[in-house]
Amino acid sequence: MKIWIKSLHDWSLKWAHTKYSWIAMFVCAFADASFFPLPTPSFFIGLAILNIANTYKLALSGTLGTVFGAVLGYSIGHFVWLNADGGFTGIAQFFFEYIPGFSVEFYEQIRVLYARWDFWILFSAGYTPVPYKVFSISSGVFNLNFFMMLFATFLGQGIRFFILGYLIVKIGPQIKGMIARNMKAIAIASSLSIAALIIIIKLI
């Protein structure tokens, strides 16, 4: 699986200098937010570094791809995740078994988090290493407000893509190596910062 994903990633980067690079970015973000694990942040960084002039166009494409992917993810969760008896369908079992990031235990943890934080969980999801499809599908399963899910996804993912884009435009190629080496640390630091902000907002 990892070799196949890397091959897809390398192949997709060949689109960087073509007028279709934004389509490749959209497709990658769409799949990652709905049904298939792809390294969307590193893919965006690679495309943007290779074609800095199109960075913000790619950021918008990634944001919209994630939003449309979240619509599909929400639909999967809402319509085909559970059967009439409340048990997991074959599609759900497939995700639990084969898609990284999914597990029954984590699914139950998200249920508890949604009950307390709803909008803020979706907003901050883009700043964590957890695949966004986990959140889009589970929001459909737990019947979160559809328009709230769209707004939280658009806002949270848009901020993430455009902040990364701004850094790439300002700092240039040097940022590629820095982010590649520290992606996990950056994700954790961002997640903690957002979590702190959410707690402050809730306490006010």
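Q: Which residues does K133 touch, leaving aside those up to four places away in sequence?
A: In this predicted model, K133 touches A31, D32, A33, S34, F35, F36, P37, I99 and F102. K133 itself lies in helix α8, residues 132–141.

Q: Is K133 buried or exposed?
A: A residue counts as buried under 20% relative accessible area. K133 has a relative accessible area of 0%, so it is buried.

Q: How many residues of α8 are buried?
A: The count is 10 of the 10 residues, which means that α8 is largely enclosed by the rest of the structure. Besides K133, the buried residues of α8 include Y132, V134, F135, S136 and I137. S138, S139, G140 and V141 of α8 are buried too.

Q: What do the buried residues of α8 pack against?
A: They pack against α2 (21–32), α4, α5, α6, α7 (119–124) and α9 (146–171).

Q: Where is N143, and what is its phi?
A: Most residues other than glycine have a negative phi. N143 is placed in the loop between α8 and α9.

Q: Is N143 buried or exposed?
A: The cut-off for exposed is over 50% relative accessible area. N143 has 52%, and is therefore exposed.

Q: Which residues of α5 are buried, and where do they fall around the helix axis?
A: An α-helix has 3.6 residues a turn, so residues three or four places apart point the same way. In α5, residues 90–98, the buried residues are A92, F95 and F96. Seen down the axis of α5, these buried residues fall within an arc of 95°, so they line one face of the helix. On the other side of α5, G90 and E97 are exposed.

Q: What covers the buried residues of α5?
A: The cover includes α6 (104–117) and α8.

Q: How do α3 and α4 pack?
A: Two packed helices are described by the angle between their axes and the distance between the axes. For helix α3 (residues 40–50) and α4, the angle is about 155° and the axes are 9 Å apart. An angle over 145 degrees counts as roughly antiparallel, and therefore α3 is roughly antiparallel to α4. The crossing of α3 and α4 is right-handed.

Q: Which residues meet where α3 packs on α4?
A: From α3, F44, L47 and A48 take part; in α4 they meet T55, L58 and A59.

Q: At what angle do α3 and α9 pack, and how far apart are their axes?
A: The angle is about 35°, and the axes of α3 and α9 are 10 Å apart. The crossing of α3 and α9 is right-handed. On the α3 side, T40, P41, F44, I45, A48 and I49 make the contact. On the α9 side, the contact is made by R160, F161, L164, G165 and I168.

Q: What is the mean pLDDT of the chain, and where is confidence lowest and highest?
A: The mean pLDDT of the chain is 77, with 75% of the residues reaching 70 or more. Confidence is highest in helix α4 (residues 55–80), at a mean of 93, and lowest in helix α10 (residues 174–203), at a mean of 50.

Q: Over which residues does pLDDT stay under 50?
A: Where pLDDT is low, the predicted coordinates should not be read in detail. Here pLDDT stays under 50 over residues 189–204. For residues 189–204 the model has 14 contacts beyond four places in sequence.

Notes: Residues are numbered from 1 along each chain as its sequence is written. This is a predicted model: local features need pLDDT of at least 70, side-chain atom pairs count only at pLDDT 80 or more; totals for chains, interfaces and linings use all residues. Side-chain values use heavy atoms; hydrogens and water are left out. pLDDT is the predictor's confidence in each residue, from 0 to 100. Helices (H or I, at least four residues) and strands (E, at least two) are DSSP runs, numbered from the N terminus. Contact means heavy atoms within 4.5 Å. Buried means under 20% relative accessible area, exposed over 50%, partly exposed in between (1.4 Å probe, protein chains only). The arc is that of the directions from the helix axis to the C-beta atoms. Axes are lines fitted to C-alpha atoms, for helices over the stretch in contact, and angles run from 0 to 180 degrees between N-to-C directions. Angles under 35 degrees count as roughly parallel, over 145 as roughly antiparallel, 65 to 115 as roughly perpendicular and the rest as oblique. A crossing is left-handed if the near helix is turned anticlockwise from the far one by less than a right angle, and right-handed if clockwise.
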